[in-house]
Amino acid sequence: MSKDLNLCQFIGRLGKDPETRMMPNGTAVVNIALAVGDDYKDKAGNRVEQTEWVRIVVFGKLGDIVTAYCVKGSRIYISGKMKTRSWEKDGVKQYSTEIVASEIQLLDSKAGEPKPAQAQQSKTLINDFDDDIPF
């Protein structure tokens, strides 16, 4: 049994609408940018606010839910594992660190309402896997 823990939790707002792609096998891959805030007092006693941007990747049915219900500015809770990918571009090794979401909770008061363009699709989507929704 491993004694390590790879678990990240965030509450924040989407910085833009979710970007959805489909894998060759039909699985949804959704990328979102989550703005998470922090504040503290500096030495002079002034309140300083900071925003960090977190890259989030959501797969499968959970990604379909994010696409159907979330838009820029939506407030959500995300839990998942940190993952670093690497690739080579023009002979230079590139890296990207992101969170692979395993749990999402919609925190807005309108969380039960799908986006207008997605309304019909999401009704079918939710009826297809109602028992699998993790929240």
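Analyst: Two strands pair if DSSP finds at least two bridges between them. Helices (H or I, at least four residues) and strands (E, at least two) are DSSP runs, numbered from the N terminus. This is a predicted model, in which local features need pLDDT of at least 70 and side-chain atom pairs count only at pLDDT 80 or more, while totals for chains, interfaces and linings use all residues. Residues are numbered from 1 along each chain as its sequence is written, and side-chain values use heavy atoms, with hydrogens and water left out.

User: In which order do the elements of the chain run from the N terminus on?

Analyst: The chain holds two helices and six strands. Read from the N terminus, the order is β-β-β-β-α-β-β-α.

User: Over how many bridges do strand 5 and strand 6 pair?

Analyst: Strand 5 covers residues 75-89, and strand 6 covers residues 92-106. These two strands form a hairpin with two residues between them, and aspartate 90 in the turn has a positive phi of about 55°.

User: Which residue in strand 6 stands opposite isoleucine 76?

Analyst: Strand 5 also pairs with strand 1 (residues 8-14), in the antiparallel sense over six bridges. On that side, glycine 12 stands opposite isoleucine 76. In strand 6, the residue opposite isoleucine 76 is leucine 106.

User: How many residues of helix 1 are buried?

Analyst: Buried means under 20% relative accessible area, exposed over 50%, and partly exposed in between (1.4 Å probe, protein chains only). Of the 135 residues of the chain, 33% count as buried. Helix 1 spans residues 60-69 and is mostly covered. Its buried residues include Leu62, Ile65, Val66 and Tyr69, and of its 10 residues the buried number eight.

User: Why does serine 74 count as buried?

Analyst: Serine 74 lies in the loop between helix 1 and strand 5. Not counting residues up to four places away in sequence, serine 74 touches Gly12, Arg13, Leu14, Tyr69 and Asp108, where contact means heavy atoms within 4.5 Å. Serine 74 counts as buried because its relative accessibility is 5%.

User: How far from a polar atom of the side chain of serine 74 does the backbone oxygen of valine 71 lie?

Analyst: A polar contact is a pair of N or O atoms within 3.5 Å; within protein, one must be able to donate a hydrogen and the other to accept it, and residues adjacent in sequence count only if both atoms are side-chain atoms. Between the backbone oxygen of valine 71 and a polar atom of the side chain of serine 74, the distance is 2.9 Å.
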